[in-house]
Amino acid sequence: MKVVNNLTHSVDGLGILKGRAAYTDDLADKNSLIVKVLRSPHAYAKIVKIDSEEALKLPGIEMVLTHKDFSRVPFTRAGQGYPEPSPHDKFVLDEYVRYVGDEVLAVVGSDLAVCEEALALIKVEYELLEPVLDFEKAIDHKSIIHPEPEAHEMFPIGFEPLRNIAASYHMHVGDVEKTLSECDVVIEETFFTQAQAHVMLEPHTVNARMDYQERLVIYNSTQTPYHMRRIISQGLNIPLSKIRVIKPRVGGGFGGKQGIHGEMLVAYVTYKTGKAAKMVYTRKEVFESSYTRHPMKMKVTLGADKSGVLKAIDFHCLSDTGAYGEHALTVFMVVGSKVLPLYNKVDSVRFYGDVVYTNHTPAGAYRGYGAIQGNFALESAVDMLCVKLGMNPIEFRQLNMMKETETSPIFEIMGEGTAGTAMIMETCKLEECVEKGMKLIDWNDKYPSKDMGNKIKSVGMAIAMQGSGIPYIDMGSATIKLNDDGFYNLLVGATDIGQGSDTVLAQIAAEVLMTTMDKIVIYSSDTDLTPFDCGAYASSTTYVSGNAVFKAANDMLEAILVEARRILKSKEVEFDGVLFTNELGETISLIDLSNEITYSEDQKQLSVTSSYVGHKSPPPFMAGFIEIDIDKETGEVDIVNYVSVVDCGTTINPKLAEGQVDGGIVQGLGMAMFENVQYSKKGALISNSLMTYKIPTRVDINNLTTVFVDSYEESGPFGAKSVGEIGIDTPPAALANAVYNALGIRIKTLPITAEKILLAIKAKERN
Amino acid sequence: MKVSEYIKAKDLNEAYELLREDRKNYIIAGGAWLKLSVKSANKLVSLDALGLDKIVVLGDSIEIGALCTLGQIETNELIKQLYDGILVQAVSSIMGVNIRNIATIGGCVMGKFSFSDIFPVLEVMDTTLVFHKQGEVSLMDFLNNPKFEKDILVKIKIKNNLGKGFFKKVAITALDFSVINIACSKTDGLFSLSVGSTPYIASPCYKAMDYINCLSDINLESIKECANKVVEEIKFSSNNRASKEYREELAKVYISRGIKQVSNYEN
Amino acid sequence: MKIKMTVNNQVKIFECEPSDYLLDTLRNNNYVSVRRGCDTTNCGVCTVLMDGKPVPSCSVLTVQAEGKQITTVEGIQEEAEKIGNYFGEEGADQCGYCNPSLALTVYAMKKELVNPTIKEVKKYLVGNLCRCTGYISQERAIMKYLGDKS
């Protein structure tokens with residue numbers, strides 16, 4: 001292969017670094033009206049009265065929008081395919097506010113200053129309701145967060161709003177209680193994870209204008225332009241054909257831009273007034289009023305026989321979806337479906353629990369959703385079981401983990417929001433990942449720990465799996481057209497949000513068409529111009545959209561060969577990417593062919609469109625190893641190195657694949673160590689700025705060692721599986737295990753801070 | 001933030017008069033925290049034109065102009081030598097390079113920020129502040145007295161003593177404010193100790209210093225005792241960065257390590 | 001009020017209010033490579049050079065920049081191209097939102113620090129947050145650029 005699996009610079013990196021206008025707000029109409037939201041100071045309240053008379057008198061204020069301006073059409077902001085597996089429980093504006101930061105009303109004015117002045121003049125009277133702030137007490141709480149009759153599920157997801165339950169799920173294989181009762185060694189442990197924030201550096205941003213066909217054109221920093229178009233159409237009752245969504249460059253998403261944020265209000269204002277409008281979230285709004293990761297409580301019971309064979313996993317999960325139910329069920333199911341199959345040889349397994357509403361910032365999609373929470377719980381519990389078994393945790397994993405050609409019944413039972421798809425692991429190089437990782441971190445020398453005076457050095461590890469798109473649901477498509485002068489346009493709906501999918505998809509096309517990257521001009525995404533794609537989520541782009549590009553490129557190859565055979569008057573024509581040659585040795589170049597069919601003879605535009613929907617979701621696998629130095633007297637942890645050994649099939653772009661893993665690891669380390677989410681007693685998010693919510697800096701990350709094992713997934717384009725999410729899963733458990741290996745202290749609540757470690761050391765000393 | 005007027009003062013007297021004229025008039029230093037600390041201002045008075053951005057040695061002191069940026073201080077060769085460079089260590093641990101190129105020492109001092117990494121270091125050196133009206137005052141006078149708020153800080157004077165120094169900032173990430181910060185120095189055989197971000201503003205540990213400076217010789221036992229005295233004397237509390245208990249443990253550990261370092265103590 | 005400054009070697013006069021920040025003034029005048037990230041001076045995305053030194057434009061009043069030399073990435077295109085190519089080689093480009101500001105800071109660092117170690121580089125650039133890359137690929141590229149004496 002000449003392009004795939006070779007060093008290829010990202011197609012947009014240089015231009016962006018040199019400062020070209022690229023992002024949504026760079027492209028806003030300079031005369032845009034500003035849409036600014038008044039946000040609730042209360043965790044739960046009913047709006048009794050809004051007095052905006054004074055605000056409306058301000059010169060420059062165009063309008064004040066309240067719940068009375070919108071018809072009561074509930075929708076979900078989750079940004080999923082249709083029908084969505086999330087409850088329709090959100091109105092553009094409502095008479096109830098359900099968390100601190102929820103939308104009360106919006107002012108629309110000529111500039112930000114006048115909007116802020118207007119917000120200060122508006123008087124809102126609230127009837128305060130008792131908020132539900134403890135998710136363990138949410139079910140059957142006397143406060144009901146969604147009493148409105150319009151809220152509904154699209155198909156059964158266990159939605160019971162009158163009990164504050166957004167979704168429920170239960171599955172089992174075998175009789176878990178019976179198996180556990182027969183085990184020699186059983187542990188039962190409970191783990192907690194926090195509401196991590198995405199902290200993409202570009203805040204949520206949207207702007208809109210009417211075009212000369214009186215259509216609504218929306219520039220949007222989104223991961224899901226097509227879903228966005230559909231949801232806006234449904235929510236505002238605007239014909240789908242009247243809406244065009246353009247996704248420029250996106251400054252990071254990580255799941256946070258899968259959903260709807262300011263889009264409804266901005267679209268409404270422009271459609272109603274005919275004037276350009278825009279909204280740029282403040283960083284505080286990004287923290288308080290977008291989405292978080294779902295916080296969870298997970299009770300894990302593991303049973304094994306004396307020889308260390310894992311027999312049963314019982315996994316109960318309680319998930320907090322906050323005030324609205326975006327991704328309530330899907331995230332919940334992934335806790336099981338992308339974690340439990342790691343140990344596929346158990347006799348019985350059960351996974352069950354509820355997703356509850358609370359009056360906190362809503363939770364939604366976030367890279368590695370469900371998997372990182374479940375991985376922390378299960379991979380911590382496995383190490384705890386090993387302690388009880390007196391067994392080396394690596395040997396335990398080597399004995400019990402998923403191997404190539406094996407399967408798990410869970411694949412068929414659990415999908416995302418629906419039943420799953422049975423599949424055999426055609427590629428699973430976990431054994432090699434573990435072995436290689438042990439060497440790279442020097443496990444045998446460093447495990448479990450080494451005393452170095454004030455500090456103690458230790459290692460810890462965890463294994464993980466993800467998926468590659470959602471089978472039979474996620475669809476990607478690609479259009480390729482040949483231009484005169486012999487270069488191609490590749491149009492994809494796949495959504496590059498910084499992960500480099502434009503580069504990777506262009507590489508796939510270039511490889512099939514035997515050409516170089518400069519001959520492939522890729523464009524994403526514009527609902528008027530590019531073909532449908534579900535968007536950037538569920539680790540689907542390389543695998544699903546990549547397969548669509550692979551098919552389209554092969555179709556284009558066939559189409560140009562037809563033309564070449566015609567021109568060279570031959571049934572047998574060979575093509576090397578540049579030149580067509582028939583059996584007589586007569587040739588025509590692609591450039592000449594393209595010019596001829598464009599200008600000279602039998603003129604036509606060659607253009608092909610292909611689509612792909614997956615029939616399985618081959619999981620990437622990885623082993624993650626952390627080396628840390630802990631100060632025994634202060635609990636402070638230095639991350640010395642993080643070794644990731646990954647099986648993601650062929651790496652289409654090895655450097656960008658490494659970047660996906662590295663970035664995932666550091667976000668995972670953020671959740672594991674630094675990113676503490678704090679609420680006030682009244683339910684307001686205190687960690688609502690980069691001053692109070694601490695993401696890892698480059699000084700906190702000494703080194704990352706990321707390598708890939710040889711692997712070729714037949715069903716993927718050029719053997720590729722996904723790599724976007726797998727990196728984030730292992731750090732919390734690997735760190736927790738390393739802390740235990742150093743000090744014999746088990747931290748079961750994220751983040752694992754120096755303070756928690758030191759206080760646990762002191763508690764241990766006292767006992 | 002609203003600002004009605006921005007005025008470049010022609011001299012200190014003008015700046016001083018403008019500052020006294022209205023409660024909503026402010027002196028602007030670097031402006032790094034302006035939008036986070038001032039909602040609306042009538043007049044913002046700039047001292048940019050007054051040449052207060054020099055670092056000079058005069059007599060036995062290093063004088064740092066109030067408008068010297070943190071970036072200027074951390075790259076100054078004289079200050080790098082002072083007490084093993086503890087002021088440089090403290091300054092260079094504050095946020096990123098870009099902010100340190102605008103934030104000034106005067107702004108940091110006048111802000112009296114409780115999380116300040118600079119105060120513990122200034123407290124363990126022989127530091128005085130020079131104000132436009134009230135002249136030269138001790139650092140502790142300034143910290144304990146609100147009457148300087150409506151005066152203008154002109155420069156900071158630090159005795160150019162030969163001494164050993166130790167500074168430690170504990171923070172959750174390298175960009176965060178301190179969970180706690182500790183400075184120790186030893187000059188002519190005498191220890192000076194200070195703890196800050198407790199989460200209150202830095203304070204010298206007088207009783208601990210009295211204790212340790214009366215000893216003819218120190219050992220592990222007396223270092224531990226000294227650290228305990230710090231925790232007895234200084235008020236620690238919990239906030240969203242750390243609990244009281246954790247801060248106390250950190251203070252004990254780093255005071256001990258600081259004493260050992262500045263006295264070249266080896267186990 | 002009218003404020004005069006030099007932006008990328010061109011003398012500019014901007015109409016602004018005393019409370020306007022340089023970030024907004026620059027963006028409103030089509031220097032869109034200067035972007036907003038956080039509102040609390042923590043992220044580094046809005047960094048420009050003022051008299052050659054990196055400063056957060058979200059925290060510098062436009063009036064404070066009067067008479068100063070302001071440089072955005074548009075003003076260092078040749079060096080940006082070099083940095084960008086090293087980024088490309090190392091796969092250090094992801095969303096790129098922070099890259100113009102990072103390139104400016106790296107450019108200033110190269111002038112300020114002589115043969116810095118990786119530790120010194122990390123410390124110098126600590127105020128440039130990135131949520132995409134995990135930093136290490138950026139640093140490989142930056143070390144190569146620092147070693148490039150062309």
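This is a predicted model: local features need pLDDT of at least 70, side-chain atom pairs count only at pLDDT 80 or more; totals for chains, interfaces and linings use all residues.
Two packed helices are described by the angle between their axes and the distance between the axes. The crossing of H17(A) with H18(A) is right-handed. From H17(A), the contact draws on Ile665(A), Gly668(A), Leu669(A), Ala672(A) and Met673(A). From H18(A), the contributors are Pro731(A), Pro732(A) and Leu735(A). By class, this contact of H17(A) with H18(A) holds 7 nonpolar residues, 1 polar residue and no charged residues.

H18(A) also meets helix H9 of chain A (residues 371–389). The axes of H9(A) and H18(A) come within 8 Å and cross at roughly 30°. Angles under 35 degrees count as roughly parallel. H9(A) is therefore roughly parallel to H18(A). H9(A) passes H18(A) in a right-handed crossing. On the H9(A) side, the contact residues are Ile372(A), Asn375(A), Phe376(A), Glu379(A), Ser380(A), Asp383(A) and Val387(A). They meet Pro732(A), Ala733(A), Ala736(A), Asn737(A) and Tyr740(A) in H18(A). The classes here are 7 nonpolar, 3 polar and 2 charged residues.

Another helix pair in chain A joins helix H15 (residues 541–567) and helix H16 (residues 590–600). Their axes are 11 Å apart, and the packing angle is about 85°. H15(A) is therefore roughly perpendicular to H16(A). H15(A) supplies Ile560(A), Glu563(A), Ala564(A), Arg566(A) and Ile567(A) to the contact. H16(A) supplies Leu590(A), Leu593(A), Glu596(A) and Ile597(A). This contact of H15(A) with H16(A) has 6 nonpolar, no polar and 3 charged residues.

The sheets come next. Strands of a sheet pair through backbone hydrogen bonds, either parallel or antiparallel. In chain A, 7 strands form an open sheet with mixed pairing. Their order is S3-S5-S1-S12-S9-S10-S11. Strand S3 (61–65) and strand S11 (243–246) of chain A are the edge strands, and each pairs on one side only. Neighbouring strands of this sheet are turned by 20° against each other on average, direction ignored. Strand S1 (residues 33–39) of chain A pairs with strand S12 (residues 277–280) of chain A in the parallel sense, over 2 bridges. Within this pair, Leu33(A) stands opposite Ala277(A) in S12(A).

Helix H3 of chain A (residues 112–121) touches S1, S3 and strand S5 (103–109) of chain A. The direction of H3 makes about 30° with that of S1(A). Helix H5 of chain A (residues 225–236) touches strand S10 (216–220) and S11 of chain A. The direction of H5 makes about 145° with that of S11(A).

Chain B has an open sheet of 5 strands with antiparallel pairing. The strand order is S4-S5-S8-S6-S7. Strand S4 (55–58) and strand S7 (135–138) of chain B form the edges. Strand S6 of chain B (residues 127–131) runs antiparallel to S7(B), and 4 bridges join them. One bridge partner pair is Val130(B) with Glu136(B) in S7(B).

Chains C and A also meet. The contact takes 53 residues from chain C and 56 residues from chain A. The area buried between the two chains is about 4,300 Å², and carbon and sulfur atoms give 56% of it. In chain C, the residues losing the most area to chain A are Gln94(C), Tyr97(C) and Arg131(C). Together they account for 18% of what that side buries.

Finally, some backbone exceptions stand out. Most residues other than glycine have a negative phi, and most peptide bonds are trans. Leu750(A) and Pro751(A) are joined by a cis peptide bond, with omega about -5°. Pro751(A) sits in the loop between H18 and helix H19 (754–766) of chain A. In chain B, the peptide bond from Thr198(B) to Pro199(B) is cis, with omega near 10°. Pro199(B) belongs to the loop between strand S11 (190–196) and strand S12 (203–204) of chain B. Asn164(A) is not a glycine, yet has a positive phi of about 65°. Asn164(A) lies in the loop between strand S6 (123–128) and strand S7 (165–173) of chain A.

How values were computed. Residues are numbered from 1 along each chain as its sequence is written. Chains are lettered from A and ligands numbered from 1 in the order in which they are written. Side-chain values use heavy atoms; hydrogens and water are left out. A crossing is left-handed if the near helix is turned anticlockwise from the far one by less than a right angle, and right-handed if clockwise. Contact means heavy atoms within 4.5 Å. Ala, Val, Leu, Ile, Met, Phe, Trp, Tyr, Cys and Pro count as nonpolar, Asp, Glu, Lys and Arg as charged, and the others, Gly among them, as polar. Two strands pair if DSSP finds at least two bridges between them. Axes are lines fitted to C-alpha atoms, for helices over the stretch in contact, and angles run from 0 to 180 degrees between N-to-C directions. Buried area is the accessible area (1.4 Å probe) that two parts lose on being put together, summed over both. Angles under 35 degrees count as roughly parallel, over 145 as roughly antiparallel, 65 to 115 as roughly perpendicular and the rest as oblique.
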